[in-house]
Amino acid sequence: MQTQNLSVDVITVDGGAATGKSTQRGKIAARLGFHELNSGAFYRAIGIIATRRGIALTDAEKLVAVTVNLDLTFKADSIFLKGKDETAMILSDDA
């Protein structure tokens, strides 16, 4: 059986709110030819799934399990959890 290499170069920038992370990430990714990853959205998705499952955000072992099994897809400007568009929920101020 032949496997497909799904490896891509990715850049992410972490930091405080409204500090220009997305702008800088975009510039760096364009210059290097990398894909961008909104790490804040990634962290929020983990938190949303954990909360929906009743997992405490302080339970590191269970959060790792959520992360390993996370069905998360970034496509264009949309974010999908288990195939469902959850962009608004993940990017909301309430997430």
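**Group meeting: a walk through the predicted model**

Hi everyone, let's start with Arg-25: setting aside neighbours within four places in sequence, Arg-25 is in contact (heavy atoms within 4.5 Å) with Ile-11, Thr-12, Val-13, Glu-36, Leu-37 and Asn-38. This is a predicted model, so local features need pLDDT of at least 70 and side-chain atom pairs count only at pLDDT 80 or more, while totals for chains, interfaces and linings use all residues. Residues are numbered from 1 along each chain as its sequence is written, and side-chain values use heavy atoms, with hydrogens and water left out.

Back to our arginine. Is Arg-25 buried or exposed? Arg-25 is buried, at a relative accessible area of 8%; buried means under 20%, exposed over 50% and partly exposed in between, with a 1.4 Å probe and protein chains only. Arg-25 sits in helix α1, residues 21–32. Helices here are DSSP runs of H or I with at least four residues, strands are runs of E with at least two, and both are numbered from the N terminus.

How does the length of α1 check out? The expected span of a helix is 1.5 Å times one less than its number of residues. For the twelve residues of α1 that gives 16 Å, and the end C-alpha atoms are 16 Å apart, so the two agree. Just after α1, Gly-33 has a positive phi of about 75 degrees.

Now the overall fold. The protein has four helices and five strands, and from the N terminus the order is β-α-β-α-α-β-β-β-α. Of its 95 residues, 22% count as buried.

On to the core. A nonpolar core is a set of buried Ala, Val, Leu, Ile, Met, Phe, Trp, Tyr and Cys residues joined through side-chain atoms within 4.5 Å. The largest one here has 14 residues, and Leu-70, Leu-72, Leu-81 and Ile-90 have the most contacts inside it. Two or more residues come from each of α2 (39–52), α3 (60–68) and β4 (78–81), with α2 giving the largest share, six residues.

Beyond neighbours within four places in sequence, Leu-72 is in contact with Phe-42, Ala-45, Ile-79, Phe-80 and Leu-81.

Finally, the hairpin. Strand β3, residues 72–75, pairs with β4 in the antiparallel sense over four bridges; strands pair if DSSP finds at least two bridges between them. Thr-73 stands opposite Phe-80 in β4. Two residues separate β3 and β4 in this hairpin, and Ala-76 in the turn has a positive phi of about 55 degrees.
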